[in-house]
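This briefing is meant for someone meeting the structure for the first time. Please look over the sequence and the model before reading on.

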Amino acid sequence: MMNAQSNSLTTQNIGQTTLPGFHNPVFDATAVFRTVLEAMSHPGTVIETPLTCESPRKLNSSAASILLALTDMDTTVWLSPKTECSDVADYLRFHTGCSLTNNADHCDFAIINGQEDPDLVTSLPIGTAEYPDRSATLIITVDHFNAELKAVLSGPGIKTTSNLSPAPLNSKFWGWMKANRNTFPCGIDIIFASPTHICALPRSSEMDI
Amino acid sequence: MSQNTTASSYNYAYLDEQTKRMIRRALLKAVAIPGYQVPFAGREMPMPYGWGTGGVQVTATVIGPSDTLKVIDQGSDDTTNAVSIRQFFEKTADIDTTEKTKEATVIQTRHRIPEEALTEGQILVYQVPIPEPLRFLEPRETETRKMHALEEYGLMHVKLYEDISRHGHIATTYAYPVKVNGRYVMDPSPTPKFDNPKMDNCAALQLFGAGREKRIYAIPPYTKVQSLDFEDHPFEIQSWDQDCALCGSTDSFLDEVILDDKGNRMFVCSDSDYCQSRRDDSISPPVEHSLAQASQMQSVNSEASK
């Protein structure tokens, strides 16, 4: 049997997993992207993920499908301590070919569990004044969107106001997300992913808690 | 994979999947930073630059088999550019196409916004030649980047002021600069300024693709889009002295059609679907202008020729 490490085409292990990726890579990726695009254009709106992925245990189905749809060999992914494990790393390497990094300040996508400490993501790249797009997209895995604490969002994509209520979420995240708006146009775009739904908070949204 | 029966030699919607992912990432950034131009690795498309390669790449990236596509060029579904692009996607994406604005989920446009109000869930894709509104004032990209970063838009106001001092009014009639969400000054592509108010607080998602210049930008739904102006010279749109000669519309953007070499002309809606559906809907058409009747309307000195 071929050893993945000795057969490596990149500097990293290409990964091995028994979990399947998209059943139809072209149309599934398009469907997931359209869901993310809709979420990003309507901040706070909770939208059902169009398909389910058999994902590694530490990554829920929605988060896995977003990564399968958007990452490839051109992107670097950072995994938080709670989501990092060889299962997730192998799954992503095998299906997307992305490279993984331990440096949060050098990634395009970052994944964190909602219960973790946002201090872990304070060093994510936020872009520069001239190129604010050179920033990371943060995927926060949560269980549902029925938290008692609701943040009220307004701004582009929102007709009047919308509510943001992901749970469970480390309470320190709210302060961090509010501060994230102050660096606009630089900043982090956030996608909350529950197993079945997603909800986005782009850097352009104003937030009241 | 029945979708690929007519397009077996292409990937779905022509672009390869890696290119789509690259454009998708750029689109998400563009939506998150309204009005900001995101650089992307624009690909060569099977059509020349200037024919909508940017818009086609954006459309190819967003459409899926369940979408219905409408393509317009200067408001019309029947012009060469619109027909070619529609056929391109019929062939490569096996997609349903329509000429009806309300039936479309994705509308690719060159230089017009449909007259009919767009609805939530629709995506309007613009073809953009020069995405940088400051380019004719400052040719260096390094400088215009800095100007956007510092929100230094004084030069644009000077340009509009020079219009006033030279012509007595702001003489810019198309590609009229707008400020998106109070932050970035953006080129709305060469749409007539008549369409600028439709961008403001629009329910649809607006995506802009510039193929040669390799830039993507966006306006999310319900976003404030303000045309630049002065207190004593407020922004105003074009108006005409007459109605559409075919459907009688008093509030749509009119094209001037030359009828002969004796100076006769008529004015008709630029939006062909809007004009046609108005004629289909009206039980008794307002005024059934014949070409001869229309040709009597020659003494018109319309704002359109400004």
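How many helices and strands does chain B have? Chain B has eight helices and 12 strands, in what should be read throughout as a predicted model.

**Chain B as a whole**

- Of the 306 residues that make up chain B, 47% count as buried.
- When contacts in chain B between residues at least 6 apart in sequence are considered, 64% of them join residues that are at least 24 apart.

**The seven-stranded sheet of chain A**

- Seven strands of chain A form an open sheet with mixed pairing, and their order is β1-β9-β8-β5-β4-β2-β3. The edges of this sheet are β1 (47-48) and β3 (99-101) of chain A, each of which pairs on one side only.
- Within the sheet, strand β8 (residues 189-193) of chain A pairs with strand β9 (residues 197-201) of chain A in the antiparallel sense, over four bridges. One pair of bridge partners is A:A193 and, in β9(A), A:I198.
- Helix α1 (residues 25-41) of chain A packs on the sheet, where it touches β1, β8 and β9 of chain A, and its direction makes about 45 degrees with that of β9(A).
- Helix α2 (residues 61-70) of chain A also packs on the sheet, touching β2 (76-79), β4 (109-113), β5 (137-141), β8 and β9 of chain A, and its direction makes about 135 degrees with that of β8(A).

**The three-stranded sheet of chain A**

- Three strands of chain A form an open sheet in the order β7-β6-β10, with antiparallel pairing. Its edge strands are β7 (162-164) and β10 (206-208) of chain A, each pairing on one side only, and the twist averages 35 degrees from one strand to the next.
- Strand β6 (residues 151-154) of chain A is joined to β7(A) in the antiparallel sense over three bridges, and here A:A151 stands opposite A:L164 in β7(A).

- Because 13 of its 17 residues are buried, α1(A) is largely enclosed by the rest of the structure.
- The contact between the chains takes 29 residues from chain A and 29 residues from chain B. On the side of chain A that touches chain B, α1(A) gives the most, with 12 residues, and the residues of that side divide into 16 nonpolar, five polar and eight charged.

**Nonpolar cores**

- In soluble globular proteins, nonpolar side chains tend to be buried together.
- The largest nonpolar core has 114 residues, and the members that touch the most other members are A:V36, A:I66, A:A110, A:L138, A:I191, B:L27 and B:A30.
- Leaving aside residues up to four places away in sequence, B:L27 touches A:L37, B:T61, B:L207, B:I216 and B:A218.
- Another core, of 13 residues, lies apart from the largest one, and B:A245, B:C247, B:F253 and B:M266 are among its members.

**A hairpin and two residues of chain B**

- Strand β11 (residues 254-258) of chain B and β12(B) run antiparallel and are joined by five bridges, with B:V257 having B:M266 as its bridge partner in β12(B).
- The hairpin of β11(B) and β12(B) has six residues between the strands, and in this hairpin B:G263 takes a positive phi near 90 degrees.
- Not counting residues up to four places away in sequence, B:C269 touches several residues, including B:C244, B:L246, B:C247, B:Y274 and B:C275. The C-alpha atoms of B:C269 and B:D243 are separated by 8.8 Å, although these residues are 26 apart along the chain.
- B:G168 is found in the loop between α5 (154-167) and β6 (178-180) of chain B, and B:G168 is exposed, with 9 other C-beta atoms within 10 Å. B:G168 and B:H233 are 65 residues apart in sequence, while their C-alpha atoms are 9.5 Å apart in space.

Conventions:
Residues are numbered from 1 along each chain as its sequence is written. Chains are lettered from A and ligands numbered from 1 in the order in which they are written. This is a predicted model: local features need pLDDT of at least 70, side-chain atom pairs count only at pLDDT 80 or more; totals for chains, interfaces and linings use all residues. A residue is buried if 20 or more other C-beta atoms lie within 10 Å of its own, exposed if 12 or fewer, and partly exposed in between; C-beta atoms are placed from the backbone. Two strands pair if DSSP finds at least two bridges between them. Two residues are in contact if their C-beta atoms, placed from the backbone, lie within 7 Å. Axes are lines fitted to C-alpha atoms, for helices over the stretch in contact, and angles run from 0 to 180 degrees between N-to-C directions. A nonpolar core is a set of buried Ala, Val, Leu, Ile, Met, Phe, Trp, Tyr and Cys residues joined through C-beta atoms within 7 Å. Ala, Val, Leu, Ile, Met, Phe, Trp, Tyr, Cys and Pro count as nonpolar, Asp, Glu, Lys and Arg as charged, and the others, Gly among them, as polar.
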